[in-house]
Amino acid sequence: MKKEKTDIRSWDKEALRQFFVDNGEQAFRGNQVYEWLWKKGAHNFDDMTNLSMSTRAFLEEHFVINHIQVDDMQRSNDGTIKNAVKLHDGLTVESVLIPTATRTTACVSSQVGCSLNCAFCATARLKRMRNLNPDEIYDQVVAIDAQSRAYHHMPLSNIVFMGMGEPLMNYKNVLKSIEKITGEEGLNMSPKRITLSTSGVPKMIKKLADDQPKFNLALSLHSAIDSKRTQIMPFNEQFPLSDIKEALKYWYDQTGTRVTYEYVVWKGINDTEEDVHELVKFCKVIPCKVNIIEYNSIDDPRFEQASSQAIQMYQNALEKNRIIVNVRRSRGKDIDAACGQLANKK
Ligand code: SAH
């Protein structure tokens with residue numbers, strides 16, 4: 001049986017250097033290959049023009065360079081671009097470019113599908129199929145950076161891990177991808193412009209705190225009342241708010257950085273004074289900021305965007321308690337590219 005070739009980007013620089021030494025060549029060849037793979041984004045060994053033909057052929061014998069392919073690109077009338085990204089094994093994820101006048105944000109996926117079952121999220125309808133590799137996350141960013149330059153005449157400025165999947169359930173690969181995205185040998189982007197969004201896995205929030213990341217953390221809260229949160233985010237049963245609070249305190253002790261809470265207000269679900277009151281209480285656990293995001297319909301009659309009065313009630317209460325709050329409008333809804341709408345419809 002033919003041995004399957006290794007994805008060369010699963011190897012770090014040291015391993016590549018050692019590979020060359022083991023095969024009677026000089027270690028610095030490993031550095032050259034590494035630079036081609038990450039910084040220069042080579043798609044083929046033949047692009048590596050400072051290597052001899054025989055070295056290129058030798059690499060070809062042992063390795064493959066798995067690259068994502070943007071299969072389909074939809075453009076919204078507000079400038080948002082949604083990509084259907086085909087992976088080497090034929091599976092598809094989605095990634096989005098969200099432009100504003102002064103910046104562009106990439107929304108990237110971390111898993112194919114998702115194992116969490118948030119009732120209001122379209123991705124939940126796809127079972128989790130697998131984790132993305134670091135290079136598959138990195139390539140989404142590279143592709144969106146190119147689109148940002150081509151369509152919006154500026155380099156990509158921000159990245160949010162708010163596409164498909166739960167990034168803290170693909171911890172190692174997500175962190176590796178960020179290392180490459182922020183590294184000098186990769187894209188050299190500032191970690192301060194990256195936000196990882198989690199539905200709230202307490203153990204992993206603590207682990208992340210221990211790893212002292214330089215990027216931002218967001219938590220999808222949606223309700224500060226356990227019984228309600230469990231209704232819309234069933235895994236809350238296993239990871240109740242008391243555990244999340246404890247993890248958040250640990251996070252703040254270790255990192256000293258505030259967390260952003262994402263919050264959608266739905267009619268008849270979390271639009272009462274009690275909901276507001278509990279959120280205000282939750283916001284006093286550690287320094288934080290609240291993003292009230294618009295609900296993007298996924299055609300489920302149980303969920304409907306709350307009235308503007310309800311949103312105003314949240315905003316007033318938070319402001320009165322000196323908690324930073326932003327009310328966000330969605331982008332790219334006409335092409336199902338907004339938060340929670342990524343479901344490989346096409
Ligand atoms: N699993 C991670 C990241 C992906 S979801 C997380 O839960 O944070 C990205 C954000 O979109 C989350 O805040 C999520 O709660 C929100 N979201 C999901 N479905 C949505 C919908 N239909 N409308 C608006 N936001 C939604």
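Gln 212 sits in the loop that links α6 to β11 (216-220); helices (H or I, at least four residues) and strands (E, at least two) are DSSP runs, numbered from the N terminus. Although Gln 212 is not a glycine, its phi is positive, about 50°. Its relative accessibility of 41% makes Gln 212 partly exposed, where buried means under 20% relative accessible area, exposed over 50%, and partly exposed in between (1.4 Å probe, protein chains only). The model is predicted: local features need pLDDT of at least 70, side-chain atom pairs count only at pLDDT 80 or more, and totals for chains, interfaces and linings use all residues. Residues are numbered from 1 along each chain as its sequence is written, and side-chain values use heavy atoms, with hydrogens and water left out.

Asp 299 lies in the loop between β13 (288-293) and α10 (308-320). With a relative accessible area of 65%, Asp 299 is exposed.

Back at α6 (residues 202-210), this helix packs against α8 (residues 241-255) at an angle of about 5°, the axes being 9 Å apart. Axes are lines fitted to C-alpha atoms, for helices over the stretch in contact, and angles run from 0 to 180 degrees between N-to-C directions. The pair is therefore roughly parallel, a label for angles under 35 degrees. Residues in contact (heavy atoms within 4.5 Å) include Ile 205 and Leu 208 of α6 and Ile 244, Tyr 250 and Trp 251 of α8.

Methods:
Angles under 35 degrees count as roughly parallel, over 145 as roughly antiparallel, 65 to 115 as roughly perpendicular and the rest as oblique.
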